[in-house]
Amino acid sequence: MSTRGCAIILAIVVVVALAFPREHSAQAASAALDARANPSQSLAIVVNRSNPINNLSFSELRKIFMGDRNHWPNGHRIAIVMLEYGQPERRAVLRLIYRMDEKTYQDVLLRGMFRGDVFVAPKTLASPTIVRKFVFNAPGGIGYLRASDVDESVKVIRIDGLLPEDKGYRLQIDESSKATDD
Amino acid sequence: MQKASNLARRRLASVPTLIRNSWLGRSLSPHLSIVALVLVLVAEVGVAVFVIRDLSRSYATVENMYNGSVQGLLRVGDMQYEAQETRRSTLYALTTNDGNLQVSYADQSRDADRRVTQGIAQYLANARTAQETRAGQQLAKDWTDYLRVRDEVLGLILEGSSREAVHLDLNLGVSEFDHVRRDLDDVKKSYDAEASQQLATVAELSRASMGRLTAALVSGLFLGTIAVWAIQRSRMRSAMQLAQLQMDFVASVSHELRTPLTAIMTAAENVRDGFALSREGLFEQGSVITDQANQLMAIVDQVLLFAATRQAKPTYFLREIYVNDVIEEALRSTQSLIEGAGFSVETKIEADLPPVIADLSVLSQCLQNLIVNAVKYSTTNNWISISARMDPDENTVLMSVQDRGIGIDRADLTHIFDPFYRSPQVVGARIQGTGLGLSIAKRSAEVFGGQLTVSSQIGVGSVFTVHMPIAGAVRHEASSTEKAIGGARA
């Protein structure tokens, strides 16, 4: 095979490799958008009721979860809570907000703490109920829950102006993504 | 020896008389004893009422104290514990970085603070004085202030700002919690004071009750002892009287027996010594012996009859009898006595009198005793009236024996039916007798449901009346007797 032929084949492989994930992501996003009305599949971002924030853009949300932002406008330290490893909600957050798998997340977290970039590590809690109680007790707490697990003790904030039940809400749990994420 | 024996006998015989005449014999009567017992009962009941009232008040005070002060103290104790638990759980959250544990401690702290808040609300709801209300309001305010700090501390701990949390707790939490502690102590002190006051009341009531109970016991013991002593004295007195009567009876009967026996012995000696050799003489002595023997027999019969009436279950032959038959039988039996004494008998018997239920011989004996008495105690006017009539009001037949004899003193009327009793007047007049006749007559009437009454006046005479219920209206005593007899006679 000539060098030109090899280059063409390589180009085709690269194009196909790059095209496939995009197509896959687009399909997933479409499926997520279609599932907007299912509260058990929507992931609500919850904060303490005393928190003045009602709306966050997705990028701000990502900054908060990535530890790039440490305090709320009212001065309270942001306390992120994560569900334990293996929970669908945690997988969804890793996939949609952190955009990384579990291992990468752990590496990034450890590295950040070692360097001092991450001042307080996210709290890992055992169940949605404990998450709810934590956010209720901590004025600076922020966490995530299935929309069906939310109650009056916490406040759900809008992401890009949308609530979990709204059409086009981005944070959806994909139960089938377990094998891929792990 | 003989003299000493006689002396001892005389002394023994004088003992009842001495006792009867002493203060012991004249003191408390049975009525007075009963009055003493009633007094004891009344006193005891009176004291019991007071004691029950005191106990009731004590109980109410204790209950009030329990529901108020004691429960209040318990509630304050609970609140103190829960307040400490609120703070303790908050601080426990500082000791771990595990978010799950921190949330668990936060939960515990909030549960405890909820119980304290409820306790304060309950205290305020039960507050009875302005002071209690003020104390409760102050406690509620200070507790709210502390909770505000607690919430901030808890939030800082959960957010991972432990240093700030400790700083806040030391600067504000401690002082706010001290306020709460002081408020709770104030509430506790008010309950303590109230409880002490109520305890003092209970102690006072208990002392009063104890005093009354002691007084009741002492007075009851004292009066009871007096009553028992009086009753025993009364019984002893009765026993002594009975003993005296029995001694009198023995003396009387001995005398009664001795007189005919002496006559019999004299007559027999006359025959033995040949003083009565002629036919007429022998007849005369034989008649004396026969008459005196009959008299002896009569005395012995009387004693036996009295003993028979005293049996627990005497046996009678009950049937319907007419008083005409009773009177006829009595007159037949006493005919020789009446004629011998030269008495005239007047009988007035209503026609068509209904029958009564009795034993003919016993009822006749009753009437005989009355006739014998009438003869015996009529010294000048030898007249006897025997009558029978119906008392429709009482449904009884009345049989009366009337005499114009010496009469009975009013004081003796209550004793003449006592066994062995002989009035001093009769004894003084040396009229012989056993003192059993009227007792037997009374018992004979009563055993068939009847009764024996008397009316008498000194120097005018006496009327003894037997009241017998007519057949069909016989009282239970006779029926029960009839049952026993029916079994015996069947």
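How many bridges join β4(B) to β5(B), and do these strands run parallel or antiparallel? In this predicted model, the two strands run antiparallel and are joined by eight bridges. One residue of β4 (383-391) and one of β5 (396-403) in chain B illustrate the pairing: B:S387 has B:S400 in β5(B) as its bridge partner.

Both strands belong to an open sheet of five strands in chain B, ordered β2-β4-β5-β7-β6, with mixed pairing. Because β2 and β6 (451-457) of chain B stand at the edges and have a single partner strand each, one side of each is left without a neighbour in the sheet. From one strand to the next, the twist averages 15°. Helix α12 of chain B, residues 437-446, packs on this sheet and touches β6 and β7 (461-469) of chain B. The direction of α12 makes about 140° with that of β6(B).

A further helix of chain B, α8 (residues 323-333), has the buried residues B:V323, B:V326, B:I327 and B:A330. Seen down the axis of α8(B), these residues fall within an arc of 95°, and therefore line one face of the helix. In general, residues three or four places apart point the same way because an α-helix has 3.6 residues a turn. The cover over the buried residues of α8(B) includes strands β1 (319-321), β2 (344-349), β3 (356-358), β4 and β5, together with helix α10 (360-376), of chain B.

The contact between the chains takes 17 residues from chain A and 11 residues from chain B. On the side of chain B that touches chain A, α4 (99-126) and α5 (130-159) each supply at least two residues. The largest share, five residues, comes from α4(B). By class, this side of chain B has four nonpolar, five polar and two charged residues.

Terms used: Residues are numbered from 1 along each chain as its sequence is written. Chains are lettered from A and ligands numbered from 1 in the order in which they are written. This is a predicted model: local features need pLDDT of at least 70, side-chain atom pairs count only at pLDDT 80 or more; totals for chains, interfaces and linings use all residues. A residue is buried if 20 or more other C-beta atoms lie within 10 Å of its own, exposed if 12 or fewer, and partly exposed in between; C-beta atoms are placed from the backbone. Helices (H or I, at least four residues) and strands (E, at least two) are DSSP runs, numbered from the N terminus. The arc is that of the directions from the helix axis to the C-beta atoms. Two residues are in contact if their C-beta atoms, placed from the backbone, lie within 7 Å. Ala, Val, Leu, Ile, Met, Phe, Trp, Tyr, Cys and Pro count as nonpolar, Asp, Glu, Lys and Arg as charged, and the others, Gly among them, as polar. Two strands pair if DSSP finds at least two bridges between them. Axes are lines fitted to C-alpha atoms, for helices over the stretch in contact, and angles run from 0 to 180 degrees between N-to-C directions.
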